[in-house]
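Here is a short briefing on one protein model. Have the sequence and the 3D view open as you read.

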Amino acid sequence: VAITTRLLVSHLSGIRHYEKDIAKVKEEKEKANRAFKLTKPYQDKEQKEEGDKGIEKTDSVKQRKEHEGEVKSRNSKPGKRDKEFEQEEYYLKEKFGSVIESLKIFKNDPLFFKPGSQFLYSTYGFTLLSAVVERASGQKFTDYMLKMFRDLDMLSTVLDDNEAMIYNRARCYVYNKKGRLVNAPYVDNSYKWAGGGFLSSVGDLLKFGNALLYSYQAGQFKNANDKLLPGYLKPDTVAMMWTPVPKTEVSWDRDGKYAMAWAVVEKKQQCGCCRQQRHYASHTGGAVGASSVLLILPEELDSEAIDTGLVAPPRGVIVSIICNMQSVSLNSTALKIAREFDKEKWAQ
């Protein structure tokens, strides 16, 4: 079989995640699909009823829908453990000298399916991707990324290295088996720099989001191109990254699809006065003792404002949340915050 970088960034490679038993992975997927099918008839009925009563009421339907992808992983009460974090490989303590070296963890394991045929979120797929970057660039992956963060002015974004003295590094927390809050256990993230090995701040993630949004929108301001600096990426590149890929899925928003390293919800409205689906891109993060989300809600640009030069990119709302607690679902909260700021802007 052939595994391409595009398959890796969209989690279609067939490379395993932390669970080594394919039967267990299939069982969990089937459970999630069954739960979704049970709630869907109720949602559709409720959505139809609310659709007849006007747009204002449909907001409540949307909010309920947004929660469904997350409700299973949310801690409904203190001490509830997330099965995901029961996998032993989350707690590796071995220090790897390079990303090439860390491939030994999974390189001899069988693929779960033929590449391109199914979706399976895989941190190790991104470990392999980091090895590709290392070979293609001729630099250590970590050096390559730190230079990129410096270019983006993300000066607080660093490797999560246990030995380094990192100013203002937060302590991380988990609930133990008795439901008590305790310090997160020691882990070494050198086996997965690309899939969860960096420390950052809310401010730095906002800079990252702004750089992507600027790059995405810069090409739309054609009359001002001589006045605008180019984006960090080409507009077509970001558009491609934010284009949903077939056969993918997103656990934190059932309306979404996976794209290239991002989850994307497309703009959609099936009937007049019914629920509107806004285009946005997001990604959540989960690590031992920490959770995060970065959500980008691009503004729906008015062509007249663009042509007259009244506005300039980036235009939209970016929400970043980081918390030092394990297994906290944050995407629906970020989306609510983004919508409130977006609503406020249009009200002015």
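Glutamate 340 and lysine 343 join their side chains in a salt bridge, with 3.3 Å from N to O. This is a predicted model. A search of the whole structure finds 17 salt bridges.

**Salt bridge within a helix**
- Both partners, glutamate 340 and lysine 343, sit in helix H11 (residues 331-347).
- They are three residues apart, about one turn of the helix.
- Glutamate 340 is partly exposed, at 47% relative accessible area.

**Salt bridges between loops**
- Lysine 20 pairs with glutamate 89 in a salt bridge, and the closest N and O atoms are 3.7 Å apart.
- Lysine 20 belongs to the loop between H1 and helix H2 (22-51), and glutamate 89 to the loop between helix H3 (55-68) and helix H4 (99-102), so this pair ties together parts 69 residues apart in sequence.
- Are the two partners, lysine 20 and glutamate 89, buried or exposed? Lysine 20 is exposed, with a relative accessible area of 56%. Glutamate 89 is buried, at 9%.
- Lysine 104 forms a salt bridge with glutamate 94, and here the closest N and O atoms are 3.2 Å apart.
- Lysine 104 is in the loop between H4 and H5, while glutamate 94 is in the loop between H3 and H4, 10 residues apart.
- Lysine 104 is partly exposed, at 44% relative accessible area. Glutamate 94 also counts as partly exposed, at 38%.

**The largest nonpolar core**
- This core holds 42 residues.
- Tyr124, Leu212, Trp242, Trp262 and Ile296 touch the most other members.
- Helices H1 (5-9), H5 (123-137), H6 (141-151), H8 (202-218) and H9 (235-241) each give two or more residues to the core.
- Domain 1 (1-36 + 86-165 + 189-199) and domain 2 (214-347) both contribute residues, so the core lies between them.
- What does leucine 212 touch, leaving aside its neighbours within four places in sequence? Leucine 212 is in contact with Leu233, Val238, Met241, Trp242, Trp262 and Ile296.

**A second core**
- A separate core of 12 residues is also present.
- Val317, Ile321, Leu330 and Ala338 are among its members.

**Nonpolar surface patch**
- Val1, Ile3 and Leu111 form a nonpolar patch on the surface.
- Together these residues have about 280 Å² of accessible area.
- Leucine 111 lies in the loop between H4 and H5. Its relative accessible area is 34%, so it counts as partly exposed.

**Valine 132**
- Where does valine 132 lie? Valine 132 is in helix H5.
- Valine 132 is partly exposed, with a relative accessible area of 34%.
- Valine 132 and isoleucine 100 are 32 residues apart in sequence. In space they are 9.1 Å apart, C-alpha to C-alpha.

Conventions. Residues are numbered from 1 along each chain as its sequence is written. This is a predicted model: local features need pLDDT of at least 70, side-chain atom pairs count only at pLDDT 80 or more; totals for chains, interfaces and linings use all residues. Side-chain values use heavy atoms; hydrogens and water are left out. A nonpolar core is a set of buried Ala, Val, Leu, Ile, Met, Phe, Trp, Tyr and Cys residues joined through side-chain atoms within 4.5 Å. Buried means under 20% relative accessible area, exposed over 50%, partly exposed in between (1.4 Å probe, protein chains only). Helices (H or I, at least four residues) and strands (E, at least two) are DSSP runs, numbered from the N terminus. Domain bounds come from an automatic or database domain assignment. Contact means heavy atoms within 4.5 Å. A salt bridge is a side-chain nitrogen of Lys or Arg within 4 Å of a carboxyl oxygen of Asp or Glu. Patches are made of residues with over 30% relative accessible area and no salt bridge: like charges are joined within 9 Å, nonpolar side chains (Val, Leu, Ile, Met, Phe, Trp, Tyr) within 5 Å. Accessible areas come from the Shrake-Rupley method with a 1.4 Å probe; for residues, only the protein chains shown count as cover.
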